[in-house]
Amino acid sequence: MATIRDMMPAFELFQPATVEDAVALLAEHGREAWALAGGLDSMDWFKDRIKRPRVVIDLGGIPDLTGIQERGEGLDIGAMTSLSAVAADERVRSRFQLLADAASQVATPQIRNQGTLGGNVSQDTRCWYYRSGWPCYRAGGNTCYASAPQAMNREHCILGASRCVAVNPSDTAPALVALDATMDVRNRRGTRTVAAEDYFVGPAIDITRMTALKPGDLLTSIRVPADWAGARFYFEKVRDRGSWDFALVTVAAAFRTAGGRIDQARVVVNGVAAYPVRLHDVERLVTGAPASEETAQAAGDLAVQGARPLKYNGYKLALMRNLVRRAVRSAA
Amino acid sequence: MIDEVDVNGLPTRSVSRRTFIKGVIAAGATASTAGTLFRASGGGLFAATALQGTAERLLTLNVNGQQRRVDVLPNETLAMTLRYKLGLTGTKLGCDRAECGACTVLVDGVNHYGCSILTHAVRGRSVTTVEGLQDPETGALSPVQQAVLEGGGFQCAFCAPGFLMSMTALVTSTPSFTRDEAASALSGNLCRCGDYNKILDCAMRAGELARSV
């Protein structure tokens, strides 16, 4: 007889129908509660028994969290909107192709059909020491196994290390930062709006979390303002496999140009730190500059200043430099 | 014909191996769920949702066009329910980590990994497994099944049910597609025999057959 070899440990399941009920449940159960979106990151944790929430709150039955609403030229995207729906939406494609590109390159069709935009930006890091249940800093312990002398750290960070060297795995996160998106976060006390750039936090801010979400918080909506609608965009995700994989390094960029000059720029790189890194210095450098090869070269060189590779991820320096160059070149 | 009798005196020939195994699975599932303690919530919200039928253990699932009553644990995935409680063993469990695609099923016509969706999340939705592809009235194969039969698309075929479901999602959602588009649509399914070219041949043929219906 076949064995059920991987039954998840038991939990209590709630399927609220409204945001109010979900927030009340999160408040009631605090740290013991787990908000379940698409579940693709969550269930790995449960099956591996690394995270064992007592209460799981399935957000899939809350209609208010799904769908894309227009706000002028901007868009409000419900956190539970599937990545497939984001990638296929005509308004997203015509105004914010950057986000459509990012969403369409996440994992596989099955994962995009079930995975949500809110879940994609809130997923945990892929550091396998952490995911294997090692008691590292991020897991509340007192060491980092990925930066130990014998550690395999080809996929880890080159920027923003602070004890932990994990990276953010999301494809849509850098696109949302580049588009100046904001996140609506709801809890029992009310709703706060967090800029995408501040939604993602590095280990220096909070070593046990990837986002600004605290226990009791629920990401309800991602708002993409009209500012960058119809701009020139560049998105490139580099991964080990041609088919599907997490990114090694990703660049997401937006430009407004006129007469061969860059008037406005957003350049964001992911896969190099625990958060998508917005390259403010590069943006200042290219703003007002001609969209030329010289500008692209200078932007790439500036992008990696201060980067500190680990033993096995030195290639990420060249990768990041070249991706930033390609992004700036695309503005020409 | 006299049935053969095994060492325990039980007939062996009148029951196929597969049917016998499925019987054991069903018996085991009944026993295991009966023996599992269910922690009921004392919370008012749970009671409220239970009244609306949202968090009950006993679900009615729409699987392959049939209403199936089944006792489902809160932490149970759809692939487990299908295989171990409903006997629909066409759906395979490979990695159980949303990576290989062997467990792919359709939920409201869209392909999902059965190993990574809670059964409770598909309540009220229509589930299709590989067993549900052929016409229930006539037994006619679906365009995808016909194409795979003609093309002999698989070697060991453990991955085949998952591929067939992703192909079905493709041909029903996209009237016409290129080989590259088919490869992209099937990229969430792995074939460790490496039969991708033949599988893509089948996908293209399935598209032709679907258009000619």
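How many C-beta neighbours does Ala157(B) have inside 10 Å, and what does Ala157(B) count as?

Tutor: Ala157(B) has 16 C-beta neighbours inside 10 Å, so it counts as partly exposed. The scale is as follows: buried means 20 or more other C-beta atoms within 10 Å, exposed means 12 or fewer, and partly exposed lies in between, with C-beta atoms placed from the backbone. This is a predicted model, in which local features need pLDDT of at least 70 and side-chain atom pairs pLDDT 80 or more, while totals for chains, interfaces and linings use all residues. Residues are numbered from 1 along each chain as written, and chains are lettered from A and ligands numbered from 1 in the order written.

Where is the residue? Ala157(B) sits in the loop between α4 (143-151) and α5 (160-173) of chain B. Helices here are DSSP runs of H or I with at least four residues, strands are runs of E with at least two, and both are numbered from the N terminus. The backbone stands out too. Phi of Ala157(B) is near 75 degrees, a positive value in a residue that is not glycine.

Asp108(B) belongs to the loop between β3 and β4 of chain B.

Now step back to the whole chain. Chain B contains seven helices and five strands. Read from the N terminus, the order is α-α-β-β-α-β-β-β-α-α-α-α. Of its 213 residues, 40% count as buried. Take contacts in chain B between residues at least 6 apart in sequence: 58% of them join residues at least 24 apart. A contact needs C-beta atoms, placed from the backbone, within 7 Å.

The chain is also split into domains. Domain 1 of chain B covers 44-131, and domain 2 covers 143-212. Such bounds come from an automatic or database domain assignment. The C-alpha centres of these two domains of chain B lie 24 Å apart. Across the boundary, 14 residues of domain 1 of chain B are in contact with 13 residues of domain 2 of chain B. On the domain 1 side, β3 (104-107) and β4 (110-113) of chain B each supply at least two residues. The top contributor to that side is β3(B), with three residues. By class, this side of domain 1 of chain B has seven nonpolar, six polar and one charged residue. Nonpolar means Ala, Val, Leu, Ile, Met, Phe, Trp, Tyr, Cys and Pro; charged means Asp, Glu, Lys and Arg; polar means the others, Gly among them.

Pairing requires at least two DSSP bridges between two strands. Within the sheet, β4(A) and β5 (74-78) of chain A share four antiparallel bridges. There, Gln69(A) stands opposite Asp76(A) of β5(A).

Next comes β8 (218-224) of chain A. Six of its seven residues are buried, so this strand is largely enclosed by the rest of the structure. Four bridges pair β5(A) with β8(A), antiparallel. One partner pair is Gly78(A) with Ser221(A) of β8(A). Five bridges join β6 (182-187) of chain A to β8(A), again antiparallel. Val185(A) stands opposite Leu219(A) in β8(A).

Key. Two residues are in contact if their C-beta atoms, placed from the backbone, lie within 7 Å.
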